[in-house]
Amino acid sequence: MLDLPTPSFIIDAARLRSNLETADRIRRTTGCKILLATKAFALPALFPMMRDFLDGTTASGEYEARLGAECFGKEVHVYSPAYTEGEIDRLTGLAQHIYFNSAEQLARFGDRARAAGGQLGLRVNPGYSNATLGGALYDPCAPGSRFGEVRSQLDKVDWDQVDIFHVHALCESLASGSVGLIEHVSDQFSPWLDKVTTVNFGGGHFLNKPGYDVDALITAIRRFQDRFGLEVVLEPGAGLVVDTGELHASVLALHWNEEALAILDASASTHMPDVLEVPYRPVILDAAGPGEKLHTYCLGGKTCMTGDIIGTYSFDAPLQPGDRLIFTDQMHYSFVKTQTFNGTPLANLAVRWEDGQVELLSDFGYDSFRQRLGR
Ligand SMILES: Cc1ncc(COP(=O)(O)O)c(C=O)c1O
């Protein structure tokens, strides 16, 4: 048995399979398609298992689309708030379903994607807010959101070009959010639903979170299908991998400054950026809130950022250097955010020498993205 080095993210394949069975039940009972949003979870080693339960992947851009095409197979969908000229041509060779964020992007690139044989989607901002995480920071329909065309702009769209009506409005939402979104789209957008073949209800459906009423979702999808006769697609990420793995860390050193401090080899800013961004408090196995158990410590990373603080926790026994701490439920977003979020190409490094010559020092491309995601 491998002695897992720290820090390491570790996924439990049995728990993942059980989550995937939920998705499969929804697919089988409704006939809808379910895609993995690789922006939440991109671990090619698990794709062979996932492939048996899902219809394909949805990507946030070129690198994730290539990852889906090469490592997952089945359908590849891609949505990005903005495409570049070269990107759209390369994407037509990777994805069969290309989604645009606006009437302008559709008008600019739609013909090229169509000529390559792709189905085209348009993201619509349905004006439905239900994100249960992080308020406006994680609400795609927050005021001023750059995601999708709002209802008042839909007459500007060339609907002859659109096959897929796409909304993504949820974040870690329980079934009331999923059902509410489906009903909202049915009530508010029926004139445009008549123009398309498919509706993609996006991600944020927290399918495997305890308390998520899967049967309520199934009923809502069926009701929608009965009314409109359209194909339905869901593209969850977090809901497929919730509670399937941990981040293991070690205590490196103990310290004191008005309170007991422990310095870990895991860091909020390096390994769990959502702790600072959302912000939220990760759960540690066998630990409790400050003062609830006998020994309380403020836990921080070994980076030099003062704010790299994970939180204050208490333990039954005093911590010792070498102790292992296990942060639960770390498989969605934590590790992708600390590899290459959305597959967004890393910024290259360059130097302008004193004679004015600019030298490029790196060439971060797809291979460097792929290599970070393990074998
Ligand atoms: C367009 C789109 N689809 C799907 C997802 C996946 O969402 P989740 O991981 O919350 O299910 C996201 C997340 O940001 C998204 O932006």
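This is a predicted model: local features need pLDDT of at least 70, side-chain atom pairs count only at pLDDT 80 or more; totals for chains, interfaces and linings use all residues.

Me: Which residues of α5 are buried?

Reply: Buried means under 20% relative accessible area. In α5 the buried residues are Ala 103, Gln 105, Leu 106, Phe 109, Gly 110 and Ala 113.

Me: How many residues does helix α5 have, and what does it reach from its first C-alpha to its last?

Reply: Compare the span with the expected one. Helix α5 covers residues 103-115, which is 13 residues, and reaches 18 Å between its first and last C-alpha. That is close to the 18 Å expected at 1.5 Å a residue.

Me: Where is the kink in α5 centred?

Reply: A kink is read as an angle within the helix. In α5 a kink of about 55° is centred on Phe 109, one of the buried residues of this helix.

Me: What follows α5?

Reply: Look at the backbone angles there. Gly 117 follows α5, and its phi is positive, near 95°.

Me: Which residue forms a salt bridge with Glu 104?

Reply: For a salt bridge, look for a side-chain nitrogen of Lys or Arg within 4 Å of a carboxyl oxygen of Asp or Glu. Here Arg 108 pairs with Glu 104, with the closest N and O atoms 2.8 Å apart. Both residues lie in helix α5, 4 residues apart, about one turn of the helix. Arg 108 has 42% relative accessibility, so it counts as partly exposed. Glu 104, at 43%, also counts as partly exposed.

Me: How many salt bridges does a search of the whole structure find?

Reply: The search finds 18 salt bridges. One of them is between the side chains of Arg 15 and Glu 246, at 3.0 Å from N to O. This pair links distant parts of the chain: Arg 15 is in helix α1 and Glu 246 is in strand β11 (residues 245-256), 231 residues apart. Arg 15 is partly exposed at 30% relative accessibility, whereas Glu 246 is buried at 14%.

Me: Which residue does Lys 33 form a salt bridge with?

Reply: Its partner is Glu 75, and the closest N and O atoms are 2.5 Å apart. Again distant parts of the chain are linked: Lys 33 is in strand β2 (residues 33-37) and Glu 75 in strand β4 (residues 75-79), 42 residues apart. Lys 33 is buried, with a relative accessible area of 19%. Glu 75 counts as buried too, at 17% relative accessibility.

Me: How many helices and strands are in the chain?

Reply: The chain has 13 helices and 17 strands. Its radius of gyration is 22 Å, close to the 21 Å that the globule rule gives for 375 residues, so the chain is as compact as a globular protein of that length.

Me: What share of the residues in the chain is buried?

Reply: Buried residues make up 55% of the 375 residues. Contacts can be sorted by position along the chain. Among those with a separation of 6 or more, 67% are between residues 24 or more positions apart.

Conventions. Residues are numbered from 1 along each chain as its sequence is written. Side-chain values use heavy atoms; hydrogens and water are left out. Helices (H or I, at least four residues) and strands (E, at least two) are DSSP runs, numbered from the N terminus. The expected span of a helix is 1.5 Å times one less than its number of residues. The bend at a residue is the angle between axes fitted to the seven residues ending there and the seven starting there. Buried means under 20% relative accessible area, exposed over 50%, partly exposed in between (1.4 Å probe, protein chains only). The radius of gyration is taken over C-alpha atoms; the globule rule is 2.2 Å times the number of residues to the power 0.38. Contact means heavy atoms within 4.5 Å.
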